[in-house]
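Hi everyone, thanks for coming. Have a look at the model on the screen while I talk you through it.

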Amino acid sequence: MTTYHIRAAGEEDVEAVLALRRHAEDWLREAGIEQWTKSAYGARVIKGWIGAGSTFVVSTDQGEIVASLSLDAGDPDFWTPEELKEPALYLYKFIIRSDHRGSGLGDILLDWSGYRSEMAGALWLRLDCWRDNKGLHKYYLDRGFHYLTTRTHPTRMSGALFERSAELRLATSSAATLIDHTFGGAEFPGGAARN
Ligand SMILES: CC(C)(COP(=O)(O)OP(=O)(O)OC[C@H]1O[C@@H](n2cnc3c(N)ncnc32)[C@H](O)[C@@H]1OP(=O)(O)O)[C@@H](O)C(=O)NCCC(=O)NCCS
């Protein structure tokens, strides 16, 4: 059983989150997937998200950052004003380093994102993703997300819209445990509090 720790990202994490992004871009390129491989992407953007308090990093017991995600408001390039008024939180830049994928960590992080959404008063966990990437769509469909629609944007390739109920909890793997340092070091989901 691997224990992971999740906490809000700080300025000191910019380099680590940027390295995760580069790692994901390399993996996607090697897999022949166009997603994320054509746009320049800077530390400044990541710094902005981290400064806004919407990015979270996941580390091992040894303190090595191996995953990150952001939860924020919806992107008005893809969601209508009416949709943006609905009680939802939006998942962005969900990345797990390759050597920690397939371990059940992804499912736990999606459940945790739903939990955070509920805590924020949301009924839905939503995301927009690369509109032509069927493999990625399958990933979310297999994890309880419903496909809503695809919206195009002249300069962006995202726009496939998905949502799932914020209260959904699907993780079954006992291979990974998540300690939630945004919530006093409690084990997610449930369990005794740890520090
Ligand atoms: C998405 C992610 C966090 C999920 O991690 P995980 O829960 O451990 O799941 P896995 O990495 O084992 O992926 C499960 C399946 O989805 C596929 N998949 C994951 N990301 C994909 C992508 N961007 N494009 C196409 N397929 C993808 C994997 O290849 C795998 O397929 P397989 O079952 O046929 O082997 C991780 O795969 C990742 O970091 N991907 C790259 C970045 C990314 O695309 N993030 C999502 C942005 S919306």
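I'll go through the pocket, then some ring pairs, then some salt bridges.

Quick housekeeping: this is a predicted model, where local features need pLDDT of at least 70, side-chain atom pairs count only at pLDDT 80 or more, and totals for chains, interfaces and linings use all residues. Residues are numbered from 1 along each chain as its sequence is written, and side-chain values use heavy atoms, with hydrogens and water left out.

So, how big is the largest pocket? Its volume is about 1,200 Å³. By pocket I mean, on a 1 Å grid over the protein atoms alone, an open set of points where a 1.4 Å probe fits, with protein on both sides within 12 Å along at least five of seven lines; lining residues have an atom within 4 Å of a point. The volume is the space filled by probe spheres set on the points, which are joined across faces, edges and corners. There are 45 lining residues, and the closest to the centre are Gln 35, Trp 36, Lys 93, Phe 94 and Leu 136. Strand E4 gives the most to that lining, with 6 residues. Helices (H or I, at least four residues) and strands (E, at least two) are DSSP runs, numbered from the N terminus.

Next, the rings. The structure holds 8 aromatic pairs, meaning rings of Phe, Tyr and Trp (its six-membered ring) with centres within 6.5 Å; planes under 30 degrees apart count as stacked, over 60 as edge-to-face and the rest as tilted. One of them is Phe 56 with Trp 112, edge-to-face at 5.0 Å centre to centre and 75 degrees between the planes. Phe 56 sits in strand E2 and Trp 112 in helix H4, so this pair ties together parts 56 residues apart in sequence. Buried or exposed, Trp 112? Buried, at 0% relative accessibility, where buried means under 20% relative accessible area, exposed over 50% and partly exposed in between (1.4 Å probe, protein chains only). Phe 56 is buried too, at 4%.

Last, the charges. I get 15 salt bridges, each a side-chain nitrogen of Lys or Arg within 4 Å of a carboxyl oxygen of Asp or Glu. Arg 151 pairs with Glu 83, their closest N and O atoms 2.8 Å apart. Arg 151 lies in the loop between strands E6 and E7 and Glu 83 in helix H3, so the bridge ties together parts 68 residues apart in sequence. Arg 151 is partly exposed at 24%, whereas Glu 83 is buried at 17%.
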